[in-house]
Amino acid sequence: MQETYFGEIGIQGGCGYYVGDATPHIFMNVREAYGIHFRYKFTKRWAIQAKISGQRITGNEYTMRGEKLDSKWTNRLYGADVMAEFNFFRFGSYTRFDKRIRPYTPYIFIGLGIGLYNNLKANGHETMTTAGYLPLGFGFKWKFHERVGLNIAWQHNIWLADDLEGMYTLNNRHHLNGWNWMNCDVTSMLTIGIVFEIARVQRVCRICN
């Protein structure tokens, strides 16, 4: 009989970028991104994922008058988020009792997260700042072994802040800094990861009693 597991742990790595005051277009200044996650599978279709991730963002520096400089800034972001996932196919190991189950599926996800990053104030002091973000995206899962699989995900984080650059000359250029929907910074991560299933579902013996 095929074993069933309702838990999963995994690691992922790839690349990421940010779109904000210093980088107006996607796929500019691509840098490394990475993370670890735990996934709890409620059904073959629905799951919830808790993830801790990190990435580096960079871009050109600007003067207070908005003039672009040749020098670049860089900052590191760390995030913790919880996301609900929906599989387009009934995902799991093949079984002859349910031919609808497939070892691969595309999926979508959305959730809530909170991030941590450096921020340089006007007085020159560097502080750690926290801000919330909305993670969402899509991906692909492939279970190529009984308990081992492959995940590819493209995650977009819509931040409730406009100061991810960590540079005073770039923060709040449009006087809309802080938690708002009008001038948010956005980060993205394209990652590939290996996952391993844990927490086997206990079988129920219907004739033992």
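Which strands each supply at least two residues of the lining of the second largest cavity? I found β3, β4, β9 and β10. Strands here are DSSP runs of E, at least two residues, numbered from the N terminus.

The model is predicted, so I noted that local features need pLDDT of at least 70 and side-chain atom pairs pLDDT 80 or more, while totals for chains, interfaces and linings use all residues. Residues are numbered from 1 along each chain as its sequence is written, and side-chain values use heavy atoms, without hydrogens and water.

I took a cavity as a set of points on a 1 Å grid over the protein atoms alone where a 1.4 Å probe fits but cannot get out, with lining residues having an atom within 4 Å of a point. A volume is the space filled by probe spheres set on the points, which are joined across faces, edges and corners.

The second largest cavity has a volume of about 50 Å³. Its lining includes Ser 53, Tyr 78, Trp 159 and Met 189.

For the largest cavity I read a volume of about 120 Å³. It is lined by 16 residues, and Gln 12, Gln 49, Tyr 107, Asn 151 and Ala 153 lie nearest its centre.

I then looked up Lys 141, in strand β8 (residues 126-143). Is Lys 141 buried or exposed? Lys 141 counts as buried because its relative accessibility is 2%, and buried means under 20%. Its side chain makes polar contacts (N or O pairs within 3.5 Å, one able to donate a hydrogen and the other to accept it; residues adjacent in sequence count only if both atoms are side-chain atoms) with the side chain of Glu 85 at 2.9 Å and that of Asn 87 at 2.9 Å.

Definitions and conventions
On a 1 Å grid over the protein atoms alone, a cavity is a set of points where a 1.4 Å probe fits but cannot get out, and a pocket is an open set with protein on both sides within 12 Å along at least five of seven lines; lining residues have an atom within 4 Å of a point. Helices (H or I, at least four residues) and strands (E, at least two) are DSSP runs, numbered from the N terminus. Buried means under 20% relative accessible area, exposed over 50%, partly exposed in between (1.4 Å probe, protein chains only).
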